[in-house]
Amino acid sequence: MLEIRRLIKTYPSFTLKVDHFEIKKGKITALVGENGAGKTTLLRCITNLITNYQGDILVEGEKYTGKEKDIISKISFMSEESTFIQDL
């Protein structure tokens, strides 16, 4: 299970606030909302692409910072944007 508690991420023109949010283990979840509602910001916090937020992200009850290899293997994320990186 993924659980978010009191997450706050502030930008100069926008503040995302999530009091409590859960995704149950084994469930597929979609985030739906208007442009600018904070969907991408939330996903970036969950996937550790953004680290300077307040609050807690828990994976199976353990605090998640994006550095724990055992927890990282439990999170999957699929972006609508794709980037191809090629070694030269």
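This is a predicted model: local features need pLDDT of at least 70, side-chain atom pairs count only at pLDDT 80 or more; totals for chains, interfaces and linings use all residues.
Residues are numbered from 1 along each chain as its sequence is written, and side-chain values rest on heavy atoms, with hydrogens and water left out. Local features need pLDDT of at least 70 and side-chain atom pairs count only at pLDDT 80 or more, while totals for chains, interfaces and linings use all residues.

Helix 1 spans residues 39-46, and Thr 41, Leu 42, Cys 45 and Ile 46 are buried in it. Here, buried means under 20% relative accessible area, exposed means over 50%, and partly exposed lies in between (1.4 Å probe, protein chains only). Helices (H or I, at least four residues) and strands (E, at least two) are DSSP runs, numbered from the N terminus. Viewed down the axis of helix 1, the buried residues fall within an arc of 135°, so they line one face of the helix; the arc is that of the directions from the helix axis to the C-beta atoms. Their cover includes strand 1 (2-10), strand 2 (15-23) and strand 3 (54-59), with contact meaning heavy atoms within 4.5 Å.

The largest nonpolar core has 13 residues, of which Ile 4, Leu 7, Leu 42 and Ile 57 touch the most other members. Such a core is a set of buried Ala, Val, Leu, Ile, Met, Phe, Trp, Tyr and Cys residues joined through side-chain atoms within 4.5 Å. Strand 1, strand 2, helix 1 and strand 3 each supply at least two residues of this core. Not counting residues up to four places away in sequence, the contacts of Leu 7 include Leu 16, Leu 42 and Ile 57.

What about the aromatic rings? The structure holds 1 aromatic pair. The ring centres of Tyr 11 and Phe 14 are 6.5 Å apart and their planes lie at 25°, so the pair is stacked. Rings of Phe, Tyr and Trp (its six-membered ring) pair if their centres lie within 6.5 Å; planes under 30 degrees apart count as stacked, over 60 as edge-to-face and the rest as tilted. Tyr 11 is partly exposed at 30% relative accessible area, and Phe 14 is partly exposed at 22%. Thr 41 of helix 1 touches both Tyr 11 and Phe 14.

Most residues other than glycine have a negative phi. Arg 6, however, has a positive phi of about 50°; this residue is in strand 1 and is exposed at 51%. Glu 60 also has a positive phi of about 50°, and lies in the loop between strand 3 and strand 4 (62-63).
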